[in-house]
Amino acid sequence: MDNSTPKIAKETKKKIRVEFDRTPLKERMKAKFLNFYFFQTVVIKLFRFIFLLGIAYVVLFPFFSKIAGSFMGREDFIDVTVRLIPKNFTIDIYKAIWVHADYTEALLNTTLISVGLAVLQTFVCCFIAYGLAKYKFRGNGIVFLLVMITMIIPHRTLASSMSMNFTYFDICGILSFLSGGASVGIESIDQVLSQINVFGLAETLADNSINLKNTIWPFIILASTGLAFKNGLYVFMLRQFFRGIPDSLEESAYIDGSGDFKTFIQIILPMSVPMMITVFLFAFCWQWTDTFYTGMFFTSPKEAPLMLSSLDLKKVFSVLDTEYAGQNLYETAIRNTSGIMIIAPLVIVYIFLQRYLVEGIERSGLTAE
């Protein structure tokens, strides 16, 4: 009885479809379009389209206006008839920022630092997350809880203590011990550091400690120890992903003679490429646009090698001669253009890696299935 029911239903549907096809075209159009369900569907879709179009306009209009303003000449800012389409199309603002704001140097420095720190954060978080996901040890839950706490505590709460730690950097009093020199045969730690100069460390020694301010070392130390900006989120995402990997894969590798480290490198990491790219993109973008740590570890904007702190628009203002009737609007357009040039590399990176980003977020457990 149960086996014959699907067959009868299928034959009935086929018969109805044949009869419908045999009816005149006019009758079919009436049956298809002149009904309540069709009008209800059209109204819902039209409302959804208008609603989404309005949201898109509110969100995208500021970007369109800034992009259009970056190509306007000075005369366009005092012409009331000019809105979004420039009358005097020019790229003078882009040229001035590129040449006179040291954009290329800032771009190179920011790229090297952001890429290097993002790669370091990605691999360190992979090790931490894999250990928390796959190894059962006493205190596993407590360690993971501490990782989650790093996502909750505001970073400004730790700013003062973090700044002092890197101003007078000394791990467990090692430098104070070495400065005595009696037990290790070293007269002074100054003699050691005076022979080297790694990222400016030779000139930072003071009071048996190293002043790491105005160097890249605080960023490297935080990234390599898993304490950098947003590392708690990266560990959480990777842990959720690693927990979804079947244990049978690792067991098969162990049977074949692979150790823990070899299994992690040759099996787990290749499977985690989309997730690692997602974490890398997050780390890269947040490092690129960071102002909190940069402002804390670099005492003056001139010493900060990152783009947000290095671009000096005063020279651009003087070169483009903003002293005229539309000064405020023109200076605002220059600042907006510098912002466009800052985020442009991020947009390019996202365009090429968006597929991996979406796939990684889907696998991270941050979205509902």
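User: What should I know before I start?

Analyst: The model is predicted, so local features need pLDDT of at least 70 and side-chain atom pairs count only at pLDDT 80 or more, while totals for chains, interfaces and linings use all residues. Residues are numbered from 1 along each chain as its sequence is written, and side-chain values use heavy atoms, with hydrogens and water left out.

User: How many salt bridges does a search of the whole structure find?

Analyst: Side chains of opposite charge can pair when their charged atoms come close. Here the cut-off is a side-chain nitrogen of Lys or Arg within 4 Å of a carboxyl oxygen of Asp or Glu. The search turns up 2. In one, Lys134 meets Asp247 at 2.9 Å, N to O. Lys134 sits in helix 5 and Asp247 in helix 12 (residues 247-255), so the pair ties together parts 113 residues apart in sequence. Helices here are DSSP runs (H or I, at least four residues), numbered from the N terminus.

User: Which residue forms a salt bridge with Lys134 at 3.6 Å?

Analyst: That's Glu250. Shared partners join Lys134, Asp247 and Glu250 into one network.

User: Is Lys134 buried or exposed?

Analyst: Buried means under 20% relative accessible area, exposed over 50%, partly exposed in between (1.4 Å probe, protein chains only). Lys134 has 17%, so it counts as buried. Glu250 is buried too, at 5%, whereas Asp247 is partly exposed at 45%.

User: And where does Phe123 lie?

Analyst: Phe123 is in helix 5 (residues 103-134), and is partly exposed at 39%.

Technical notes. Helix = DSSP H or I, 4+ residues; strand = E, 2+ residues; numbered from the N terminus.
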